[in-house]
Each structure stands twice: as C-alpha cells, then as structure tokens.
Amino acid sequence: MDARPYHVLFLCTGNSARSILAESILNRSGGGRFRAFSAGSFPKGTVHPLALELLDEDGLPTDGLRSKSWDEYAAPGAPPIDFIFTVCDNAAGEACPVWPGKPAVAHWGIPDPVAVAGSDNERRRAFRAAYRALKARIERFIALPLASLEPQALKSALQEIGCAAP
C-alpha cells in the first residue's frame, strides 16, 4: 500500500442512516489509517435526523455528512476505493457501477432502523442497535492485518465480519 489511507465506501440504498453511521464511525475509529465515505443507489437527499442525533450524542463527527449517489465514487477524479461494504440487503442485490481499481467488496447487512415504526424510544433503540452492530464490525475490520493478508484470506475475513451477528 502507498502512504495514503485505505479508502472505504459504505453503500446503502437511501444513504440516510446505516451507511452514514458507518462513515462517521470509521472516520473516528480508524486512527488515520482509513478514510470513509458513504453513498446510495437511490439517495434520499437528506441524512436521517436520528442518525445525526446519535452521532452527536456519541461525539462523532457530523460535519460534511450528506446523502449522495454512489455515482460520485465511480466517476473520474473520485478517490480510489480500496473496500466497499454494502450495509443493506437492497444495495447488495443491486447492479453496482464499475468501480475503478478492483476494490475488495463484502456485504455487511444491518437491519434498517429507518423502517422501524413505533414510539420515538423504539426508533432510537433501533438506531442504537444498528450503530452498535456497525461499530463492532468496523472494530473487527480495523484490527485486520490488511497489508499482510493474501487476497483470498482478506475476502474470507471480510465476509466473516459481515456474517457476525449484529
């Protein structure tokens, strides 16, 4: 690897909650070794207020977070992406753009907290559960010896992380 940090793209259909949470978590937890981005196939155009509230409560950065299309990261001049993680089942099944550079790809499906109906407390619990699951997977990811793993071992490790109970 060259001197730049690993670039990680989290994908979800709407890019309003799970992928946004993951972007912020990795940018804080990655210790400068990673630069995280998020995007969606059909972005909602806004970040869900409960996602921003949760990130604020936990002291994670929210500046610059926005709901955007994954086309931004497949376009010329986009940062080269090393890893792509789909965090919703819909995005995992969609036809993705052709990503330059052959990034490692894995599915890390997390239940959608936006889909939870109920009281504000029930919805906040759903967001907190998604946050905890993403944080646990990201912690396992950043602990991997990325530079020394052979491609097949890396692929297996990333898939195992995605299969871990949320």
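Visitor: Why does Arg66 count as partly exposed?

Guide: Its relative accessibility is 40%. Buried means under 20% relative accessible area, exposed means over 50%, and partly exposed lies in between (1.4 Å probe, protein chains only). So Arg66 is partly exposed.

Guide: A word on the model. It is predicted, so local features need pLDDT of at least 70, side-chain atom pairs count only at pLDDT 80 or more, and totals for chains, interfaces and linings use all residues. Residues are numbered from 1 along each chain as its sequence is written, and side-chain values use heavy atoms, leaving out hydrogens and water.

Visitor: What makes Glu72 and Arg66 a salt bridge?

Guide: The test is a side-chain nitrogen of Lys or Arg within 4 Å of a carboxyl oxygen of Asp or Glu. For Glu72 and Arg66, the closest N and O atoms are 2.9 Å apart. So the pair passes. Glu72 is partly exposed too, at 35% relative accessibility.

Visitor: How many salt bridges does a search of the whole structure find?

Guide: It finds 7.

Visitor: Which distant parts of the chain does the pair Arg124 and Glu53 link?

Guide: Arg124 sits in helix H4 and Glu53 in helix H2 (residues 49-57), 71 residues apart. Helices (H or I, at least four residues) and strands (E, at least two) are DSSP runs, numbered from the N terminus. The closest N and O atoms of Arg124 and Glu53 are 2.5 Å apart, and they form a salt bridge.

Visitor: What makes Asp58 and Arg128 a salt bridge?

Guide: Their closest N and O atoms are 2.7 Å apart. Asp58 lies in the loop between H2 and strand E3 (83-86), while Arg128 is in helix H4. Glu57 joins Asp58 and Arg128 in a network of salt bridges.

Visitor: Why are H4 and H5 called roughly antiparallel?

Guide: H4 (residues 120-143) and H5 (residues 151-163) pack at about 160°, with axes 9 Å apart. Axes are lines fitted to C-alpha atoms, for helices over the stretch in contact, and angles run from 0 to 180 degrees between N-to-C directions. Under 35 degrees is roughly parallel, over 145 roughly antiparallel, 65 to 115 roughly perpendicular, and the rest oblique. So H4 and H5 are roughly antiparallel.

Visitor: Which residues make the contact?

Guide: Arg137, Arg140 and Phe141 come from H4; Leu158, Glu160, Ile161 and Gly162 come from H5. Contact means heavy atoms within 4.5 Å.
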